[in-house]
Structure formats: structure tokens, C-alpha cells
Amino acid sequence: MASITLQCSPKSIQQMETFYTNKIKTPPYALFSAKTDSATITAYQSGKVVFQGKNPEAEAQKWGDLPLTSKTENTNLPTNFATLNIIGSDETGNGSYFGPLTVCATYVTNDTAPTLKKLGVKDSKQLSDERMKKIAPLIKETIPYQLLVVTPEKYNQVQSQYNAVKMKAVLHNRAIALLEQKIVPCKPDGILIDQFTDPKNYQRYIQNEDPIAQGKLYFATKGEQYHLSVAAASIIARVAFLEGLETDGHKVGLETLPSGAGPNVDRIASQLITRYGDDILYKISKYHFANTKKAQQLAHKNKDWH
Ligand code: MN
């Protein structure tokens, strides 16, 4: 069972007790204990609060910074992993109709970790896009990194031979291997890939690649919790994705294109078809997504009305 322990002030514990008030069942040895759908929360006199259950992060993140070493039992990472010199990698844009697929690998050591902490890199998942845009250039000045950007046009060319998972696997390996070459003679203590597929799948997809990353590979979902390198990589990848949305937006007279794959995306895509013709989407979207058909239907419906 996954478990997280936070050190909290008496005031914070009081707020917590109020927050969980109708879920409380206090055992004699604790200040209080409460049970939600995601976790059991137990607060102790010492200020320690233990969150335990199927998703302790969901509750613990309301009350404090999650410890970087908060380990769930489904990872095979060494206990001191957060303090090692690690290459971490992450990707963005895979689920978004518009915009590129971006993958980034970074190398973070004991020397550079404190600077990244000061920039707020650890909380990558809580940062606004604006904040990420501000700190990405500073991260790039601080650590070695390798960013790969697959434009929508390129994505559409390779999509028929590469399924989405294989594409990601190949890109992660490539970013990591290129970064390994950049940091020679340094060798990372390990490599952490923010997990998007089974490690066996990953190995199978990259077996014919050249070069193949040399370091010891680890996989973890929510990898940014275990090492700053993944958090930094996710920020750089995200900002490159946002820049791609803006660049492609400018091509069609918009400030930016929307991210995601929802109804708003269908609407914008249909407007672009009306204005520029069907081919425009092949250049600026992940064309095989279902959004293409929906946008075409919308565009043709609108044409009939006019
Ligand atoms: Mn990821």
C-alpha cells in the first residue's frame, strides 16, 4: 500500500481535522484519523501526518510539498534515488490534437539540484504555463538537456509506421542517448523515464535503434516525484509544446492553437477548414485523431447553412 508522511504544523493539522471532519474516526494514540476514498489520514502529536491508501498523493498534496523520496511500493528505485546524478526524461503533446510531440531529457546532479529547487522545478505538475515559460530558459542555462520536437507534419509522416507508444519510446531513447553523448565524460548513476509503457514494450520498440542509451534504466509513473531531472524535463517539454501551438497558431492568424482534443478543438479545426481548406489540418494537427472527422463534419454542416 502506498504511503506518504508529511511534517505539519499544529495549525495545519487543525485545518486538516476540520477539512476531514465528517470522515473522522480517532484512535486513542492519534490526534485524529480520517478516511477518504483515496487514503487514510492519521495525524500524530509529533506533527507527523501519515497518508496511506490507494492514492495518498491526492490527499497529501493538499497539505504540503510531497517529499521527493515519497516512494510507492510499485517502483524499483533505490531509496536514495532523489540524491543520485540522474538523466530523466518526459514527453508532452501526445494527447493533444494540435501542437508538436515533444520529448526532453535532462541531466541533474547534486551540484545543479539546489538551483532547480530554488526555481520551483520540483512542483512541475502544479506550475502554471506562464510560470513554466519563465523558468524554462533558466533551467536550460543550469543543466545539460536534449529536447526533441516532432512537428505535426513530421508526426503525420511517420504515424503510419509508428504507433504512438513506439514513437514515444524511440524519441525518449534518442533524447537520452544524445544527452549521454553531450555530457561525456560524465556518466549518470541512472536514467529515469516517466513511464508511459511497460519496460519490456519499451525495450522491444527501441531494440533496432542506434545509438541506444547506455545507462541503467528505471521507469516510474509520476517520475517527477522521484527525481528533479524528470520534473525539469517535463517543464522544458511542456514549454516547447506550448511554443509549437503558438507558432502553428501564427501560421493561421491565431495567437495560439488550443491544446487537448475536446469540442473546442473540433470547433477551431472546423473554422480552419472553412478558411483554408481541408489540407491545412495535415500540416498543423495530429491528423489521425478522431477530431479531424468531427471538424470536417462541422465545417460541411456550416457550409450547408450559408
Ligand atoms: Mn510523462
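A salt bridge here is a side-chain nitrogen of Lys or Arg within 4 Å of a carboxyl oxygen of Asp or Glu. By that rule, Glu-130, Lys-133 and Glu-246 are linked in a network of salt bridges. The structure holds nine salt bridges.

This is a predicted model: local features need pLDDT of at least 70, side-chain atom pairs count only at pLDDT 80 or more, and totals for chains, interfaces and linings use all residues. Residues are numbered from 1 along each chain as its sequence is written, and side-chain values use heavy atoms, leaving out hydrogens and water.

| Pair | Closest N and O atoms |
|---|---|
| Glu-91 and Lys-168 | 4.0 Å |
| Asp-129 and Arg-238 | 3.0 Å |

Glu-91 sits in strand S5 and Lys-168 in helix H6 (residues 164–182), so this pair ties together parts 77 residues apart in sequence. Helices (H or I, at least four residues) and strands (E, at least two) are DSSP runs, numbered from the N terminus. Burial is set by relative accessible area: buried is under 20%, exposed over 50%, partly exposed in between (1.4 Å probe, protein chains only). Glu-91 is buried at 15%. Lys-168 is buried at 9%.

The manganese ion has Asp-90 (OD) and Asp-194 (OD) as protein donors, 2.1 Å from it. Asp-90 belongs to strand S5 (residues 86–92) and Asp-194 to strand S8 (residues 190–194), 104 residues apart. Both Asp-90 and Asp-194 are buried. Donors are N, O and S atoms within 2.8 Å of the metal (3.2 Å for Na, K and Ca); water is not among the atoms, so sites may look incomplete.
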